[in-house]
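Colleague: I have a model open and I'd like to learn how to read it. Can you walk me through it?

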Amino acid sequence: MKKAIYFNLKSRLNRRTVLRGAGISMGLPWLSAMQPTFANDKGESKPKRLVTMTLGLGLVADNLFPETGGRDYQATPYLRALQDLRDQLTVVSGTSHPGVKGGHRAEASILTATPMGSAGKAKNSISIDQLLAKHFGDATRFPSLVLSNGGSTSPSYTENGSMIPPESSPSRLFAKLFINDPPQQRKIQAQRVREGRSIMDLVGEDAKSLERQLGVGDRNRLDAYFTSVRQLEKRMELSERWANLPKPVVAAKKPVDVGNPNDLIARQKTMCEVIKLALQTDSTRYISFHIPGGGGVLPIEGVDEGYHSLSHHGQDEDKLSQLAIVEEAFIAQWGQFLRELKETDDSGTSLLDLTTVFLTSNLGNASNHDNRNMPVLLAGGGFRHGQHLAFDRKNNYPLPNLYVSMLQNLGMEIDQFATSTGTMNGLSS
């Protein structure tokens, strides 16, 4: 007798469904009803990725944002270089992080959306890239990459609010990703991981012996501690596995770092080339790349004043003209990065289809240190693009709503991030 097979043809139950009654709510665990009847192998089997590119000195709004919203917007000076990518990107205006002020200090809030205050006493929270790395980063050799065009700051923060120092050298990054250590060095690295894990085992045994002396509340707290120990041990096991595995082989040669610290466009181009290799080899899936506000003169024709000085233009026409040249170059190079991600594989899927590429800044107007009306460009990731989402520039829409949309698109079961009020209106995938 053949075993009957039944298919659930009813509408799929949403994973975020919550049961409510008598003043309480209870989230559901995973149930078979949450799985589609027929899985979309092409979409489900390929991992999604995130690349954020953040600018420390903003972008001139009048050169970036179209006058009208919707799909029929007229390309602005900064968007003309992206016309061939129009269907792959969304322009967003009229957004900011609620409560975030402080001018340049708000760099710390770009990816966390946490108000830091002007006195620097507030504690930061986890950034979106590190939230993803925390939940999904163990699938790759590097849970995330935190990069910069120069300097020692980044917008990437850990769960306890600590900034992650960035890597600013493309050549060092290439070596980290693709050049294998000698076998003896790999053995030493694996041994260090094992020693670290054995220390955690000892700590766990010492803590366990306390259980008999503790009350219920303390036992619960101790159980939470054991859970964190086990999670750390799991990460250590993965680290040991990666330490013993050879790194990917790529045809590209190790890049040469750009010697001129003021040549920010060339440095952006070189770093983006290594970022693409990291995505292609699935060495990591979550990358932040920060371009801070350097003070030197960029070696671009028509520019003879320092970048930081130009950004504080005070509506001086000559400064605005030079600043436009610099900012157009940043946008054009970002567009070139998108074009390179558009290359498709044998299945017809491109890296851009699988990668959400997000560009923004902490400053909407660097000249007066205004953190409202942040520049936002979103590309790839399977979103329905080709539009300008125009929100109110006087009463800004919460940008954390976009973060919720991105996180959900990347597989996070999340309905809230920082000061969000939901997902972003008008954005669909």
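Colleague: Which residues touch the most other members of the largest nonpolar core?

Modeller: Keep in mind that this is a predicted model. The largest nonpolar core holds 55 residues, and Ile275, Trp334 and Leu377 touch the most other members. Helix H9, residues 317-341, supplies the largest share of this core, with 10 residues.

Colleague: What is leucine 377 in contact with, leaving aside its neighbours within four places in sequence?

Modeller: Click on Leu377 and look around it. Its partners are Leu64, Leu79, Leu82, Thr90, Val91, Ile331, Trp334, Val357, Phe358 and Leu359.

Colleague: Now the helices. At what angle do H4 and H7 pack?

Modeller: For a helix pair, check the angle and then the distance between the axes. H4 (residues 170-178) and H7 (residues 264-280) pack at about 10°, with their axes 9 Å apart. Angles under 35 degrees count as roughly parallel, so H4 and H7 are roughly parallel to each other.

Colleague: Which residues make that contact?

Modeller: From H4, Pro170, Leu173, Phe174, Leu177 and Phe178; from H7, Thr270, Met271, Val274, Leu277 and Ala278. By class, that contact has 9 nonpolar residues, 1 polar and no charged ones.

Colleague: And confidence? Where is the pLDDT below 50?

Modeller: Start with the whole chain: the mean pLDDT is 84, and 74% of the residues reach 70 or more. Residues 1-13 are below 50, and this stretch has 13 contacts in the model beyond near neighbours in sequence. Residues 21-44 are also below 50, with 33 such contacts.

How values were computed: Residues numbered from 1 in each chain as written. Predicted model: local features only at pLDDT ≥ 70, side-chain atom pairs only at ≥ 80, totals over all residues. Heavy atoms only, no water. Axes fitted to C-alpha atoms, helices over the stretch in contact; angles between N-to-C directions. Helix = DSSP H or I, 4+ residues; strand = E, 2+ residues; numbered from the N terminus. Parallel < 35°, antiparallel > 145°, perpendicular 65-115°, else oblique. Contact = heavy atoms within 4.5 Å. Nonpolar A, V, L, I, M, F, W, Y, C, P; charged D, E, K, R; others polar. Core = buried A, V, L, I, M, F, W, Y, C linked by side-chain atoms within 4.5 Å. Buried < 20%, exposed > 50% of the residue type's maximum accessible area, 1.4 Å probe, protein only. pLDDT = per-residue confidence, 0-100.
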